[in-house]
Amino acid sequence: MYKVFINDKEIRFLNNSDNDPGEGIRIDVERSAPEIVTHVQTAGNNVDRIFYSYSADPLSVFKKFVYYFPLIRAAGGVVRYKDSDGPVLMIHRGGKWDLPKGKIDPGESEKEAAVREVEEECGITGLQIIKKLTDTYHLYQFRGVMVMKITNWFLMTSCYDDALQPQLEEGITEVKWIHEKDIYFFLPAAYASIADLLTRHVLKQRNV
């Protein structure tokens, strides 16, 4: 399954052989990317969060959709305390719970950007990258233009024990370690793409 998020809504690009998601609104794969975005933003009602299409080659349809828009490359970290099963580092920004991330600077690698952004946004050091997790795709308005942000996510660990320092100039008001058993309570107040990432790669629920 391939996904693109638009605010709290998601578009799923499915294979013809995939099971019906059982919820949501089906969209015509032959529509142009702007038509799909308009449909997602205006169709249904407040409870319709999932939109989906079927095709014989969902990867091609997904790529065609993604690369229609100007791209912004970003990187971030799912940081766990001490080991890969420890509490997760989360930030509060813009009234939502989030994970530390930011744009990749020119000449910077994805890994370098991910570490730098986590350090800057959380006031943390001693980060160790364990592995690449996934990429997320998020559409939003930037200076009046709809852009596609592709964020490269890495699993990291840190044994940092000092006080965490939120990057206030970036609108971050709180940084804290969240135990895995408590993450469920934070999901309703997280961005949809972040909730999906945590569900899949921290809580290990794959079929969502």
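For these legends, Ala, Val, Leu, Ile, Met, Phe, Trp, Tyr, Cys and Pro count as nonpolar, Asp, Glu, Lys and Arg as charged, and the others, Gly among them, as polar. The model is predicted, with local features needing pLDDT of at least 70 and side-chain atom pairs pLDDT 80 or more, while totals for chains, interfaces and linings use all residues. Residues are numbered from 1 along each chain as its sequence is written, and side-chain values use heavy atoms, without hydrogens and water.

**View A. The largest pocket has a volume of about 480 Å³.** A pocket here is an open set of points on a 1 Å grid over the protein atoms alone, where a 1.4 Å probe fits, with protein on both sides within 12 Å along at least five of seven lines; lining residues have an atom within 4 Å of a point. Its lining has 22 residues, and Asp98, Lys101, His138, Lys149 and Tyr191 are the closest to the centre. By class, the lining holds five nonpolar, seven polar and 10 charged residues.

**View B. The second largest pocket has a volume of about 340 Å³.** Look for Met1, Thr134, Asp135, Asp196 and Arg200, which lie nearest its centre among 15 lining residues. Six of the lining residues are nonpolar, three polar and six charged.

**View C. Helix H1 (residues 33-42) has buried residues Ala33, Ile36, Val37, His39 and Val40.** Buried means under 20% relative accessible area (1.4 Å probe, protein chains only), and helices are DSSP runs (H or I, at least four residues) numbered from the N terminus. Down the axis of H1, the buried residues fall within an arc of 165°, so they line one face of the helix. That arc is taken from the directions from the helix axis to the C-beta atoms.

Definitions and conventions:
Points joined across faces, edges and corners; volume = space filled by probe spheres on them. Buried < 20%, exposed > 50% of the residue type's maximum accessible area, 1.4 Å probe, protein only. Helix = DSSP H or I, 4+ residues; strand = E, 2+ residues; numbered from the N terminus.
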